[in-house]
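Work through the exercises below with the sequence and the 3D view open. Each task is followed by a solution in steps.

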Amino acid sequence: MIRARITGTGSAVPEKVLTNFDLEKMMDTSDEWIVTRTGIRERRIAAEGEYTSTFAIAAAEKALAAAGVKAEEIDLIVVGTLTPDFPFPATACIVQQALKATNAFCFDLSAACSGFIYALSTADKFIRSGQVKKALVIGAEVLSRIVDWSDRNTCLLFGDGAGAVVLEAQEGDHGVLSTHMHSDGNYWEILYQKGPGNRKPATHQNVDDKLVYLTMQGNEVFKLAVRAMGEVAQEALEANGFTPDDVTLFIPHQANQRIVDSVGKRLGITGERVFVNLDRYGNTSAASIPIALDEAVRAGRLKEGDLLLLDAFGGGLTWGSALIRW
């Protein structure tokens, strides 16, 4: 059987670190308050002249180097992002230009924090169909530019960065075993960016009214995320005949420590088997899982034959999982 196997990973984050203590000087909050409720201690913030493509390109270059694959060998580039450089062209096309990946077809995919899982699943299907031999899958965000920095309920949660993987078609039992995706548009209003868009264009009034920033009903998101992530992770395991005890490493979307802990407890996967780095990066949306995966790989947390479970939840609402034999 032909499977899509991850042969290289990479990540890139801004140099600028914004700590909770920095936020104490900006608004009515405290390090203790933030850590207790989110687990986040700091996040990375893009500097002027740095964009979503900046980090996507850097992460992609590292992933290609790790895989030993040349850019011109890539058949597909898909970028999961809700913060593209432009409404169009796709950020994936900007990545293609920078890498000189002249033989790839490219597009962006918008599924909010589930973007990387959706992008991974899409590339996997192209590989399984035989149309693509090598793909570059990227999750990249610059969320710091779509949050209201006077709203402590949202701005302190998010950070910037990108992660990338190279997928290659290989025969055998290793690689992506299955992916599982779901959506429920009935809840779109609990987590979304109001503008700019056709409903709220970029007028002076809409900017003044702060209608260009994301908005979130945190309590509702928490409840739905825990249930959905638990269910879709279990779905992936059952589809392949595994139990949570078989999982070597679980990498959930890095949104909030309480969500991570609750999902892990629900599944029975806890402790060292759960990879967490949100304390250093915050919620980087579509970039969170590939950044965490790259860090896990480079830290030696995965060896050949290990079972890796990825799990995400985001605005839309969207959620999804992927089970991978390393």
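**Exercise 1. The annotated site**

Which residues does the UniProt annotation "active site" cover?

Solution. The model is a predicted one.
Step 1. According to the unreviewed UniProt entry, the "active site" annotation covers Cys113, His253 and Asn283.
Step 2. These residues are spread over 171 residues of sequence, yet they cluster in space, with a largest C-alpha distance of 8.7 Å.
Step 3. His253 sits in the loop between β11 and α8. Buried means under 20% relative accessible area. His253 has a relative accessibility of 3%, so it counts as buried.
Step 4. Asn283 belongs to the loop between α9 and α10 (288–298). With a relative accessible area of 6%, Asn283 is buried.
Step 5. Leaving aside neighbours within four places in sequence, the contacts of His253 include Cys113 and Asn283.

**Exercise 2. The spans named in the record**

Solution. 
Step 1. The unreviewed entry places "domain: Beta-ketoacyl-[acyl-carrier-protein] synthase III N-terminal" at residues 107–185. This span is 19% helix and 42% strand, and its end C-alpha atoms lie 23 Å apart.
Step 2. The entry, again unreviewed, places "domain: Beta-ketoacyl-[acyl-carrier-protein] synthase III C-terminal" at residues 237–326. Here the chain is 32% helix and 22% strand, with end C-alpha atoms 15 Å apart.

**Exercise 3. The buried face of a helix**

Which residues of helix α8 (residues 257–267) are buried, and why do they line one face?

Solution. 
Step 1. The buried residues of α8 are Ile259, Val260, Val263, Gly264 and Leu267.
Step 2. Viewed down the helix axis, these buried residues fall within an arc of 125°, so they line one face of α8.
Step 3. The elements they pack against are α7 (218–239), β11 (249–252), α9 (278–281) and β12 (307–314).
Step 4. Now look at both ends. At the start of α8, a side-chain oxygen of Asn256 comes within 2.7 Å of the backbone nitrogen of Arg258. Just after α8, Gly268 has a positive phi of about 85°.

**Exercise 4. A threonine in a helix**

Locate Thr38 and list what surrounds it.

Solution. 
Step 1. Thr38 is part of helix α2 (residues 31–38). Its relative accessible area is 5%, so Thr38 is buried.
Step 2. A polar side-chain atom of Thr38 lies 2.6 Å from the backbone oxygen of Ile34.
Step 3. Not counting residues up to four places away in sequence, Thr38 touches Leu156, Leu157, Asn256, Gln257 and Leu278.

**Exercise 5. Backbone details in loops**

What are the peptide bonds from Gly195 to Pro196 and from Gly316 to Leu317, and what phi does Lys100 have?

Solution. 
Step 1. The bond from Gly195 to Pro196 is cis, with omega near 0°. Pro196 lies in the loop between β9 (191–193) and α6 (204–208).
Step 2. The bond from Gly316 to Leu317 is cis, with omega near -10°. Leu317 is in the loop between β12 and β13 (318–325).
Step 3. Lys100 is not a glycine, yet it has a positive phi of about 65°. Its place is the loop between α4 (91–99) and β5 (105–109). At 59% relative accessibility, Lys100 counts as exposed.

Note on methods. Residues are numbered from 1 along each chain as its sequence is written. This is a predicted model: local features need pLDDT of at least 70, side-chain atom pairs count only at pLDDT 80 or more; totals for chains, interfaces and linings use all residues. Side-chain values use heavy atoms; hydrogens and water are left out. UniProt positions are given in the numbering used here, feature names are shortened, and annotations may be inferred rather than shown by experiment. Helices (H or I, at least four residues) and strands (E, at least two) are DSSP runs, numbered from the N terminus. Buried means under 20% relative accessible area, exposed over 50%, partly exposed in between (1.4 Å probe, protein chains only). The arc is that of the directions from the helix axis to the C-beta atoms. Contact means heavy atoms within 4.5 Å. A polar contact is a pair of N or O atoms within 3.5 Å; within protein, one must be able to donate a hydrogen and the other to accept it, and residues adjacent in sequence count only if both atoms are side-chain atoms.
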